[in-house]
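Here are some notes for when you have the structure open.

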Amino acid sequence: MTNLFTVVGEFGRIAVEFMKKGSNPKIYEGAARKLNVPVETVQHGVEGLVYLLTESSKLMISEVDFQDSILVLGFSDELNNLLLQLYLDNRKVIRHILQELAPSLPHYHNLEWRLDVQLASRALRHQVKPVVTLKLHLETEGKQSARVLQTDPATLLHIIQELERALAEVKTNHCRRILRNIK
């Protein structure tokens, strides 16, 4: 049993290194030689452990939820406890790694708008043609940029209705439960 715990501990160390620095075939080869197993077996074991740790860390699942998740794998209680300890010891490091890898998306900084109405032209004297111009200021990693958008009021109203519908959906119990698990 001690040998199994040593192997799982080493796989855990390799998994965290994999997340930090990427895949290293030499490490797989060395571990495969020590265990007398094919390199693919070691690689699949580490990749499975990486998946388990990253998904659990992403969702910040509790100890009980983690244990429930790995219970279906059919491991012994000692091994389950070792995996739980590996998760608890590394989840903050893994979340930090995942945050560094996440793409930086632009976010809202400011909005300017203007309503232009064309009342007449040479061809049509009594024409009403409203246009809403929006200047959306965005910020990405401290850098600001601006996007200019133009639309008619009917399309703008449709966009507002869709955004309000999405906001109402986020307030439902189902979405709150999902958001609670994401944080």
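1. Start with Met60, which counts as partly exposed because its relative accessibility is 32%. (The cut-offs: buried is under 20% relative accessible area, exposed is over 50%, and partly exposed is in between, with a 1.4 Å probe and protein chains only.) Met60 sits in the loop between α3 and α4 (63-71). Its phi is near 50°, a positive value in a residue other than glycine. Helices here are DSSP runs of H or I with at least four residues, strands are runs of E with at least two, and both are numbered from the N terminus.

2. Before going further, a word on what you're looking at. This is a predicted model, in which local features need pLDDT of at least 70 and side-chain atom pairs count only at pLDDT 80 or more, while totals for chains, interfaces and linings use all residues. Residues are numbered from 1 along each chain as its sequence is written, and side-chain values use heavy atoms, with hydrogens and water left out.

3. Asn36 counts as exposed because its relative accessible area is 71%.

4. Now the helices on either side of that loop. The axes of helix α2 (residues 25-35) and helix α3 (residues 39-59) come within 8 Å and cross at roughly 115°. (Axes are lines fitted to C-alpha atoms, for helices over the stretch in contact, and angles run from 0 to 180 degrees between N-to-C directions.) That makes α2 and α3 roughly perpendicular to each other; the scheme is under 35 degrees for roughly parallel, over 145 for roughly antiparallel, 65 to 115 for roughly perpendicular, and oblique for the rest. The α2 and α3 crossing is right-handed, a term used when the near helix is turned clockwise from the far one by less than a right angle, with anticlockwise being left-handed.

5. How many salt bridges does the structure hold? There are 5, each being a side-chain nitrogen of Lys or Arg within 4 Å of a carboxyl oxygen of Asp or Glu. One of them joins Lys21 to Glu17, with the closest N and O atoms 3.4 Å apart. Both residues belong to helix α1 (residues 2-21), 4 residues apart, or about one turn of the helix. Lys21 is exposed at 69% relative accessibility, whereas Glu17 is partly exposed at 24%.

6. Another salt bridge links Asp116 and Arg114, where the closest N and O atoms are 3.1 Å apart. Asp116 is partly exposed at 30% relative accessible area, and Arg114 is partly exposed at 47%.

7. Last stop, the nonpolar surface patch. Trp113, Leu115, Val117, Leu119 and Val128 make up about 570 Å² of it. Patches use residues with over 30% relative accessible area and no salt bridge, joining like charges within 9 Å and nonpolar side chains (Val, Leu, Ile, Met, Phe, Trp, Tyr) within 5 Å. Areas come from the Shrake-Rupley method with a 1.4 Å probe, and for residues only the protein chains shown count as cover. Val117 is in strand β1 (residues 107-118) and counts as partly exposed at 40% relative accessibility.
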